[in-house]
Amino acid sequence: SPKGRANMVARIPVNLPPLRSKIRKSFLALIAVYALFGVFMVISVFLATGVTPKALHMNYDSIEATIKMQEAWSALKKPNQFQPKTAQEWNEQFEHALKFEEGNITEPEEGDVAKNIRRLWDSNKHSLSTLSDQNSQKMHLLLNELMRLNEKGMFGLAEGNTHFGQKVFLCSLGFFFASLILSILLADGLANRLARPLKDIAESIRENPDIGKRLKLPAPTSLEIRILTNEMTSLWERLTEFKKMNVAELTAQTERLETVLASVEDAILVLDN
């Protein structure tokens, strides 16, 4: 009866998760996978494009300071060829560029070269007119070495940035395929969770069980499947009761027929109600 079915539904335990909750969680997992992939790509691009320009700028500043020192050194050695500034101004330019270089060391051997330039400059800056050709040539060699080290550092950073970009690309590609496979597995798992219980119920009914025997249904995995199995079990029980009632009716009719056949030689009067 409707009242009995209502009572049966009321007795259904609610500790099973609803099917819509499982679907929601599965889709949220898919969204989380691709959101994680997007965050990974943003961070990778930021790292690939943000670090190297800063390091290149530091090397470029050192090269610029070296050029200023070379210019000032040449002007102090040959003042007649560099008229726009005085000797004091060229001296200040060299000192300022050297101090900047000492605070902008980026390469492993650059610090030693800067110390040698400082030592040679401090010992000869007040007597450049009597500076020997050997010390003058030594200063040019040190400044050229400083230039070479920073140029090498810039080229190394550019090459390293290329390799880093390739690694980021390969990692992104691998992460993409991994997330794609994970998404396929999550989608397949969702499809199985939706279809498997219904498939098991259909197979149980397709086996044509005898009415009156217990209907073997699979264990429910969600609240909706629990309601469905309970309703089908209730329907199966009602069919069993109907079968019993039909068998009892057929037995009564058979008994009446036997009575009629047993009294066929006697007169029979048939009346309605």
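1. The protein chain has a mean pLDDT of 76, and 84% of its residues reach 70 or more; pLDDT is the predictor's confidence in each residue, from 0 to 100. This is a predicted model, in which local features need pLDDT of at least 70 and side-chain atom pairs count only at pLDDT 80 or more, while totals for chains, interfaces and linings use all residues. Residues are numbered from 1 along each chain as its sequence is written, and side-chain values use heavy atoms, with hydrogens and water left out.

2. Helices here are DSSP runs of H or I with at least four residues, numbered from the N terminus. Residues 8-13 have pLDDT below 50, and this stretch has 10 contacts in the model beyond near neighbours in sequence; contact means heavy atoms within 4.5 Å.

3. Ser-136 is placed in helix H5 (residues 133-206). With a relative accessible area of 10%, Ser-136 is buried (under 20%; exposed is over 50%, partly exposed in between; 1.4 Å probe, protein chains only). Leaving aside residues up to four places away in sequence, Ser-136 touches Trp-73, Lys-77 and Leu-131.

4. Leu-173, also a residue of helix H5, is partly exposed, at a relative accessible area of 35%.

Methods: Helices (H or I, at least four residues) and strands (E, at least two) are DSSP runs, numbered from the N terminus.
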